Amino acid sequence: MAGPDPIALEARRSQPGILAVGLVALTVFLFLAALVVGPARIGIGPGLAALFSGTEGPTALVMREIRLPRAILAVLVGASLGLAGAAMQGYLRNPLAEPGLIGVSGAAALGAVIALQTGIAAIAMPALPAAALIGALIAVGLILLLAGPRGASLTLILAGIAISALAGALTSLVLNLSPNPFAASEIVFWMMGSLADRSFTHVWIALPFMALGWVLLAGTGRVLDALTLGEDAAEAMGLGLARARLMLVFGVASAVGASVAVAGAIGFVGLVVPHILRRFVGGRPSALLWASALGGAAMLLAADLSVRLILPERDLKLGVVTALVGAPLFLHLIYKTRKEVA
Amino acid sequence: MSLLTLDTLTVRRGTCPVVDSVSLSIGPGECVGLIGPNGAGKTTLLRAALGLLPSTGHSSLANQPAAARARAAAWLPQSREIAWPVDVETVVALGRLPWRPRGAPLSPHDAQAVSGALSRMGLASYRTRTATQLSGGEQARVLIARTLAQETPLLLADEPIAGLDPASQIATMQVFAALAREGRSVVTALHDLALAARYCTRLLMMHQGRLVADGPPQQVLSAENAARVFGIEGRFDAEGRYQVLEAAS
């Protein structure tokens with residue numbers, strides 16, 4: 001038997017390793033860049049020194065209280081969106097799936113909008129993210145009620161569409177009934193998604209939920225690999241789909257709900273990042289999970305950097321940038337899919 | 001020792017039984033063809049036997065924990081889905097999932113099972129090819145190789161040779177017959193009665209949800225059964241080959 005070329009095989013095998021190193025290096029580079037770019041002119045050396053030296057003063061304050069939490073949140077939110085997107089695509093076996101598909105983002109946004117509208121958000125800082133998380137949890141409850149703890153992926157998609165539509169309609173209603181233009185504009189700006197003016201309180205609110213979501217989603221890798229061959233084959237290989245589905249729904253709700261809670265609605269990261277990285281992991285859904293988490297973190301860091309570099313004085317919103325980059329990529333994806341089908 | 005025992009297995013859709021109290025037992029070393037017209041209940045019987053469908057009655061496989069069942073029987077569904085552009089070797093290695101602890105890399109034995117399955121299906125030179133870019137027939141062979149790599153005593157396959165070219169159909173049936181000679185067993189739903197008669201040691205004939213005949217091909221494919229169940233005229237020729245002649249008048 002003529003074996004495969006061992007060198008070519010070795011190159012193929014080592015690709016995930018190269019990808020991991022590349023993505024980690026890119027994320028670290030962008031993280032450091034996020035720390036040194038900003039309106040306050042702080043040099044790279046003094047800025048990083050102030051972070052680690054424990055000195056007091058305006059430089060240390062800007063670095064520790066403004067830039068560091070913002071950069072950390074970009075990593076956390078980006079990783080959550082990328083990971084959740086990869087898991088959703090793997091579970092539904094559809095490259096057009098994204099974390100918002102099951103209605104969690106919409107419901108979380110509705111929770112936040114209600115908090116803004118009723119003034120609860122103004123009472124204490126954690127009220128807004130808490131309301132968003134409650135919205136995400138209600139969405140999960142509705143999904144499980146509509147689609148059941150087991151059942152085909154189609155019912156999950158339909159339930160998600162229904163919940164998204166309902167959340168969207170209620171969000172419009174809240175905007176419609178908004179008492180004054182200021183409240184309305186505050187809501188609209190919040191819905192565009194942003195990481196500006198976030199603090200470590202936001203990090204501490206979001207982190208436990210995100211970590212829980214990551215653990216749940218990372219645990220689905222084996223099932224997602226088996227699902228490459230369809231639901232029947234995966235079930236027959238002894239991989240419980242009902243359990244995987246619960247882990248997916250709770251994982252996405254926890255990670256994405258927490259992301260929306262602290263950063264607003266940021267679209268397209270969960271859709272585009274797994275799509276770009278799929279070819280580099282040989283199409284394997286389990287390998288795409290960690291790759292998309294790293295890629296999502298890098299993409300959101302880059303988007304947040306560009307927000308600060310392109311129009312620093314105009315408060316460009318993060319969600320607008322990711323959509324502006326993501327939508328053309330999405331069009332490209334549809335165009336390619338159409339060509340493959342034809 | 002029985003690899004699969006069904007006792008009055010029944011699957012209802014609404015009140016109508018799609019599989020109607022089927023009882024049978026599969027021992028080691030059998031190559032069993034499951035035949036019957038469209039809608040006879042072949043797929044439903046196989047899925048219910050595996051516990052993928054709720055049923056009444058008894059199936060020795062459906063009662064096992066999922067992890068143990070996946071080491072006892074492999075399942076090749078009719079729908080040939082490969083959702084992502086993975087290479088052939090990765091698809092076949094998925095068959096090792098039931099044997100691998102979570103997060104463990106492929107063991108030397110796993111790698112051996114994968115390369116054995118690949119060469120058995122004539123795919124040794126395909127291992128680095130992207131599975132989704134292969135032709136439909138090649139993909140079908142890749143998916144059969146995946147079930148072979150699972151190294152289960154029993155393989156249940158739903159129309160594995162449908163859509164394959166004649167040479168691949170024969171090669172696949174030869175692989176199944178060879179598995180049976182090694183002591184493993186195959187139960188495969190088939191529409192090609194000639195191939196079923198030639199390579200299977202035993203045929204199960206289903207009609208309207210019932211198991212109407214169970215035995216050696218010569219006995220099951222009697223002129224009366226062929227006319228009643230399939231509405232065809234067929235016969236075994238002097239060399240023992242089964243031929244479908246025409247639709248029964």
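Mentor: Here is a walk through the sheet of chain B. This is a predicted model, so to speak: local features need pLDDT of at least 70, side-chain atom pairs count only at pLDDT 80 or more, and totals for chains, interfaces and linings use all residues. Residues are numbered from 1 along each chain as its sequence is written, chains are lettered from A and ligands numbered from 1 in the order in which they are written, and side-chain values use heavy atoms, without hydrogens and water.

Start with the strands. Helices (H or I, at least four residues) and strands (E, at least two) are DSSP runs, numbered from the N terminus. In chain B, 3 strands make an open sheet, ordered β2-β1-β4, with antiparallel pairing. Two strands pair if DSSP finds at least two bridges between them. The edges belong to β2 (16–26) and β4 (56–59) of chain B. Each has a single partner strand, so one side of each lacks a neighbour in the sheet. From one strand to the next, the twist averages 15°.

Now take β1 of chain B, residues 4–13. It is joined to β2(B) by 7 bridges, and the two run antiparallel. One bridge to find: Leu4(B) has Ile26(B) as its partner in β2(B).

Last, the helix. Helix α1 of chain B, residues 42–50, lies across β1, β2 and β4 of that chain. Contact here means heavy atoms within 4.5 Å. The helix runs at about 115° to β1(B). Axes are lines fitted to C-alpha atoms, for helices over the stretch in contact, and angles run from 0 to 180 degrees between N-to-C directions.
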